Amino acid sequence: MSLKDVNWRLVFTGTFGVGLALTLIILCFRVGVTPQEHSLNLAIMVVGTTVGWLLGILVSPYDQSEQKRFSSVTRAVSAFVSGYLAAKLDALINAVVAPDLILNPLPGFRALVFLGAALLAAIGTFAYRKYGH
């Protein structure tokens, strides 16, 4: 395999993604005091990664057959998000900006590690499925 045959999009995405994931893992052990807090940080990261992986698969179907199946799932999820979650959005925003949460860095970190892991997994999955074959 020559350098001309290398898929540089995947190499860059994979390298950057692994670096950021390792950073998140290290931070999971730096934020919190007890082993239980560290374990919960990692569990939240794992859940975020799983959600991102699923989203990455849904937005990058391999073929028309997958696209048809994913389209019905996407519609159902969209209906849920626009209905139920939109109704709860006000309460969620109030909870996120509450002084108890803002002044305590642990919940804020956990929200960010979930979001960061989800985005990393979604981008990595999308890049692999789109450019890897």
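This is a predicted model: local features need pLDDT of at least 70, side-chain atom pairs count only at pLDDT 80 or more; totals for chains, interfaces and linings use all residues.
Tutor: Two residues are in contact when heavy atoms of theirs lie within 4.5 Å.

Student: Among contacts between residues at least 6 apart in sequence, what percentage join residues at least 24 apart in the protein chain?

Tutor: In the protein chain, 76% of those contacts join residues at least 24 apart.

Student: How many helices and how many strands does the secondary structure contain?

Tutor: The protein chain has 5 helices and 0 strands, and along the sequence the pattern reads α-α-α-α-α. The radius of gyration is 18 Å, well over the 14 Å given by the globule rule for 133 residues, so the chain is more spread out than a compact globule. Along the principal axes, the C-alpha atoms fill a box of roughly 55 × 40 × 20 Å.

Student: What share of the residues is buried, and what does the accessible surface come to?

Tutor: A residue is termed buried when its relative accessible area is under 20%. Buried residues account for 19% of the 133 residues in the chain. The accessible surface is about 9,500 Å², and carbon and sulfur atoms hold 72% of that surface.

Student: Which residues make up the largest nonpolar core?

Tutor: That core has 6 residues in all: Leu 24, Cys 28, Met 45, Phe 109, Val 113 and Ala 117. Leaving aside residues up to four places away in sequence, Leu 24 touches Met 45, Val 113, Gly 116, Ala 117 and Leu 120.

Student: Is Glu 66 buried or exposed?

Tutor: Glu 66 counts as buried because its relative accessibility is 14%, under the 20% cut-off. Glu 66 sits in helix H3 (residues 64-96). Apart from residues up to four places away in sequence, Glu 66 touches Pro 61 and Arg 129.

Student: How is Gln 67 classed by relative accessibility?

Tutor: Gln 67 also belongs to helix H3. With a relative accessibility of 41%, Gln 67 counts as partly exposed. The C-alpha atoms of Gln 67 and Leu 106 are separated by 39 Å, and the two residues are 39 residues apart along the chain.

Student: How many positive and negative side chains are there, and how far apart do the centres of the two sets lie?

Tutor: The chain carries 10 positive and 6 negative side chains, and the centres of these two sets lie 9 Å apart.

Note on methods: Residues are numbered from 1 along each chain as its sequence is written. Side-chain values use heavy atoms; hydrogens and water are left out. Helices (H or I, at least four residues) and strands (E, at least two) are DSSP runs, numbered from the N terminus. The radius of gyration is taken over C-alpha atoms; the globule rule is 2.2 Å times the number of residues to the power 0.38. Buried means under 20% relative accessible area, exposed over 50%, partly exposed in between (1.4 Å probe, protein chains only). Accessible areas come from the Shrake-Rupley method with a 1.4 Å probe; for residues, only the protein chains shown count as cover. Lys and Arg count as positive and Asp and Glu as negative; His and the chain ends are not counted. The place of a charge is taken as NZ of Lys, CZ of Arg, CG of Asp or CD of Glu. A nonpolar core is a set of buried Ala, Val, Leu, Ile, Met, Phe, Trp, Tyr and Cys residues joined through side-chain atoms within 4.5 Å.
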